[in-house]
Amino acid sequence: MSNGLENIVAAHTVLSDVDGAAGRLIICGHSLDELAGRTSFEQMAGRMLGGFLPDWPAPDAVPAALAAARRDLFETIVQTASLPLRLGPVELVRALTALIPDGESVETALKLLAAPAVFTPAVLRLRAGLEPIAPDATLSQAADTLHMLTGTTPGPQQAAALDTYLITVADHGLNASTFAARVVASTRAGLVSAVLAGISALKGPLHGGAPGPVIDMLDAIGSAQNARPWLEAALDRGDRLMGFGHRIYRVRDPRADALKGAIRELGAETGRLVLAEAVEQAALAILRERKPDRTLETNVEFYTALLLEALGFPPEAFTCVFALGRTTGWLAHAREQIAGGKLVRPQSVYVGPRPQAAA
Ligand code: ACO
């Protein structure tokens with residue numbers, strides 16, 4: 001028995017390779033350095049899904065296909081669904097995603113790729129008492145997401161920064177949400193079901209729910225001088241420091257630096273970055289002192305929080321934006337599981353009481 005399935009290999013994949021010792025991430029044959037800042041969401045979706053969906057559009061047709069999917073979701077779901085707005089953004093995005101008819105077709109995949117881009121801004125605006133903004137087919141998916149959030153067309157730097165984020169988190173081996181998506185796909189339940197499983201696993205604070213609390217932590221710390229006492233007190237209470245530690249990486253998560261670079265290129269408010277760097281350094285020093293036997297380094301969520309904040313997303317929506325990037329990976333893994341994998345059905349060892357008669 002391996003608690004948490006640590007070190008258990010459960011799939012062969014052509015999608016991504018996480019080298020935790022070297023701090024290297026390869027997605028579809030390319031290192032993260034080659035992809036981040038140079039690839040759009042549309043290109044990445046084609047690279048990851050093209051081989052798994054026979055009718056996937058040609059590269060120059062993907063932007064229009066995704067724009068049509070965004071328009072369809074806006075008209076058939078956002079404008080017709082009645083939403084329980086007491087739920088948080090990720091629960092609302094999950095509920096709206098569940099309204100997409102299930103299936104395995106390329107149309108279903110395109111709608112799922114478009115879903116968080118359309119639903120996240122819509123639910124944020126509805127919760128704030130504002131009207132949702134219709135998608136603009138002339139924009140890329142990243143630019144349109146920001147346009148639907150704010151009502152204004154973002155500059156190329158903003159759209160590029162969001163693309164960098166979405167590419168950076170597109171896939172990452174057999175993480176918890178991807179494994180959940182593959183388990184559901186293995187039952188042939190359909191791509192919508194697989195993505196819903198992915199969203200449900202992602203929202204937990206030990207996985208994709210961490211970046212919102214990173215902002216809470218930075219706000220509570222407030223100044224570089226307060227970093228060490230605040231972090232020490234948090235660890236004394238038994239809290240985990242959000243944005244640090246990883247199951248696979250024993251060195252710095254390479255995605256953290258890709259995102260830090262994107263924040264710098266965006267020209268975001270430097271005071272916030274200076275505070276974050278001071279908190280990061282203090283946290284790493286304290287974790288080294290307290291856990292000398294366990295390497296705990298900065299993970300992707302720490303700089304995710306800063307980048308998404310700089311792009312204007314509220315912390316409660318960070319997990320939805322993570323889902324926007326990771327849906328590409330969930331879909332590709334789901335299709336890969338169906339193409340070559342069996343029903344996922346591991347064993348458990350019963351350690352409970354046995355009936356008297358059988359003893
Ligand atoms: N802060 C303080 N202590 C930590 C942290 C942390 N962030 N992470 C791990 N530890 C400690 C644990 O308390 C444990 O100590 P112990 O052995 O004395 O009990 C030890 O390090 C090992 O922890 P595990 O939970 O066994 O390590 P695991 O590989 O299961 O955890 C995880 C990985 C869940 C990411 C963990 O590091 C964590 O909780 N981090 C904070 C949440 C976070 O940032 N999540 C985002 C991860 S990235 C992503 O999913 C996209």
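This briefing walks through a few features of the structure, topic by topic. The model is predicted, so please read every value below as computed from it. Among the features are a kinked helix, H5, an aromatic cluster of Phe244, Phe302 and Tyr303, an open sheet of three strands and a pocket lined by 15 residues.

**Helix H5**

- Helix H5 covers residues 106–127, and its 22 residues should span 32 Å at 1.5 Å a residue. The C-alpha atoms at its ends are 31 Å apart, which agrees with that expectation.
- Along the way, H5 has a kink of about 40 degrees at Ala114.
- Most of H5 is covered, with 18 of its 22 residues buried.
- After H5 comes Gly129, which has a positive phi near 80 degrees.

**A loop residue, Gln79**

- To find Gln79, look in the loop that runs between helix H3 (62–78) and helix H4 (89–97).
- Gln79 has 53% relative accessibility, so it counts as exposed, the cut-off being over 50%.
- In sequence, Gln79 and Ala134 are 55 residues apart, while in space their C-alpha atoms are 9.6 Å apart.

**Aromatic rings**

- There are two aromatic pairs in the count.
- Taken together, Phe244, Phe302 and Tyr303 make up one aromatic cluster.

**The sheet**

- Three strands build an open sheet, in the order S1-S2-S3, with antiparallel pairing.
- Strand S1 (16–19) and strand S3 (30–31) are at the edges. Each has a single partner strand, so one side of each is left without a neighbour in the sheet.
- Strand S2 (residues 24–27) runs antiparallel to S3, and two bridges join them.
- Which residue in S3 is the bridge partner of Ile27? The partner is His30.

**The second largest pocket**

- The second largest pocket holds about 250 Å³ of space.
- Its lining is made of 15 residues, and those nearest its centre are Gly37, Ala160, Thr164, Ala262 and Glu265.
- Helix H7 (156–168) and H12 are the elements that give two or more residues to this lining.
- H12 provides the largest share of the lining, with six residues.

Notes
Residues are numbered from 1 along each chain as its sequence is written. This is a predicted model: local features need pLDDT of at least 70, side-chain atom pairs count only at pLDDT 80 or more; totals for chains, interfaces and linings use all residues. Side-chain values use heavy atoms; hydrogens and water are left out. Helices (H or I, at least four residues) and strands (E, at least two) are DSSP runs, numbered from the N terminus. The expected span of a helix is 1.5 Å times one less than its number of residues. The bend at a residue is the angle between axes fitted to the seven residues ending there and the seven starting there. Buried means under 20% relative accessible area, exposed over 50%, partly exposed in between (1.4 Å probe, protein chains only). Rings of Phe, Tyr and Trp (its six-membered ring) pair if their centres lie within 6.5 Å; planes under 30 degrees apart count as stacked, over 60 as edge-to-face and the rest as tilted. Two strands pair if DSSP finds at least two bridges between them. On a 1 Å grid over the protein atoms alone, a cavity is a set of points where a 1.4 Å probe fits but cannot get out, and a pocket is an open set with protein on both sides within 12 Å along at least five of seven lines; lining residues have an atom within 4 Å of a point. Grid points are joined across faces, edges and corners, and a volume is the space filled by probe spheres set on the points.
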